[in-house]
Amino acid sequence: MICGAAAITGLVFSAPALAGGVTAGTLIENTAVASYDDGAGARTINSNTVTVRVDELLDVTLTSQDPGPINTRPGDAVLTFELTNQGNGPEAFTLLANPAVAGNDFDVVVRSIAIDSNGNGVYDAGVDEILTAPQTTAILAPDTVLTVFVLVTVPDGASDRQTSSVDLTAEAVTGSGAPGTVFAGAGVDGGDAIVGTTGALATARGQLVVGVANVELVKSVVLRDPFGGTSAVPGTVATFTILARISGSGTINDLLVTDAIPDGTTYVPGTLALDSAALSDAEDGDAGAASDAAGITVNLGDVTADATASVTFDVVID
Amino acid sequence: MKLFTKMTIALAASALALPGMSVAAQAAASPIALVGDVKAEKVITAPDGTERTELVAPTAIIPGDRLIFATAYAHGGDEAVNNFVVTNPLPAAVRLAPDADPALEVSVDGGKSWGVLAALTISGSDGAARPAAHADVTHVRWVLASIAPGAKGRLTYPAIIR
């Protein structure tokens, strides 16, 4: 039947498909209807309506959003977590970050906990809300997912390849405990709040690994005199090599190699090179610049360990 | 102690207003009384570790809990009634429990067509028909050909909060 099929497709359950089930405070009302024939005709009666209110389920999950240990240097770092209200009622959660985890090579200082106010998944200073003590989220509707940042400072003493963990805990403000624990009257609309399978408490671990890179510069010179020898006389060409060695782990940012042209010598135009590739003397688009007055400058940019770079240039003895 | 905030029993006019009714109204009053109630099934763990299931007043009810909805009927008249059908729409917030009597007559289309669950199909989100599941049930009903004066009974179905 066409009309019957149309009616069936219009039949939709109003119960929302939430992770935590039917929303807290929902009234479940049940009424039966009886129809019968008592000889005088068909009759219909209703039963009384029984009503049960769905109470509040307290459940929370927390996961680290970092793909692995955060590579960091001594200084500021950010750990990212995701909190989900798995319960069926509106609930706020208290957050606690513990930087003293067994097995840490060093402990970070937790500066603050922030909420990803603009929802872009990245901590934005001055934009994302910093929670004040006691660090507590806003009241979150069921199924709400919140990104949480833990802002930490890695101490100066932390050395290359050392690791540290931070445990973040989220606890339902109404309470936590063994599954089934009842907080009478603490739920939605004066109903009860009941601890779910998560215990209304969740902990997730964020990890950091320190990468400290070292730069070592080794300068050497080769002389070539006008007579095919290696004596330092007027007209001798001196080729300087500056070898930059970046060791350890991590990245050196904006590494700039500079050197002055020695007194009594003159820069040989067009001889500046990086790893044997020529660089122009002018301050332009390439990484190098050279002149008698200013000396040589080569911008190596961001260099990740382990790496080496070789800068060469010629001067002639006056 | 939370019984009154948990469970409101609003007796329908047919059951509650009987004593105060006029003679004319009484003539039209139903010889059959229907009284609904609901209990929660809770697993009680005894001190020795054994578990047993008890029916208790539905306090502290959360999704996943089991409820037993019951309708008691009693025939207070003096003549048998025929074609006695008790229909119970399922509240949207519950689904029929998987261990419900397989012989129970159910509907998955809002009470338009009826049968045992195993014989019913429903059109899925892709439009194709699939076997109906317990969660699809919208109504349950009990059909009794006749009930004699003084007869009474209790009709129940188990449900799980969605």
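Guide: In strand 12 of chain A, A:V150 stands opposite A:L79. This is a predicted model, in which local features need pLDDT of at least 70 and side-chain atom pairs count only at pLDDT 80 or more, while totals for chains, interfaces and linings use all residues. Residues are numbered from 1 along each chain as its sequence is written, and chains are lettered from A and ligands numbered from 1 in the order in which they are written.

Strand 12 covers residues 145-154 and pairs with strand 8 (residues 75-85) of chain A in the antiparallel sense, over ten bridges. Strands here are DSSP runs of E of at least two residues, numbered from the N terminus, and two of them pair if DSSP finds at least two bridges between them. Strand 10 (residues 109-115) of chain A also runs antiparallel to strand 12, through six bridges; there A:I115 stands opposite A:V148.

A:V150 returns in the packing: with A:A34, it has the most contacts inside the largest nonpolar core, which has 76 residues. Such a core is a set of buried Ala, Val, Leu, Ile, Met, Phe, Trp, Tyr and Cys residues joined through C-beta atoms within 7 Å, buried meaning that 20 or more other C-beta atoms lie within 10 Å of a residue's own, with C-beta atoms placed from the backbone. Strand 12 of chain A supplies the largest share of this core, six residues. Domain 1 (3-54) and domain 2 (58-210) of chain A both contribute residues, so the core lies between them; the domain bounds come from an automatic or database domain assignment.

How values were computed: Helices (H or I, at least four residues) and strands (E, at least two) are DSSP runs, numbered from the N terminus. A residue is buried if 20 or more other C-beta atoms lie within 10 Å of its own, exposed if 12 or fewer, and partly exposed in between; C-beta atoms are placed from the backbone.
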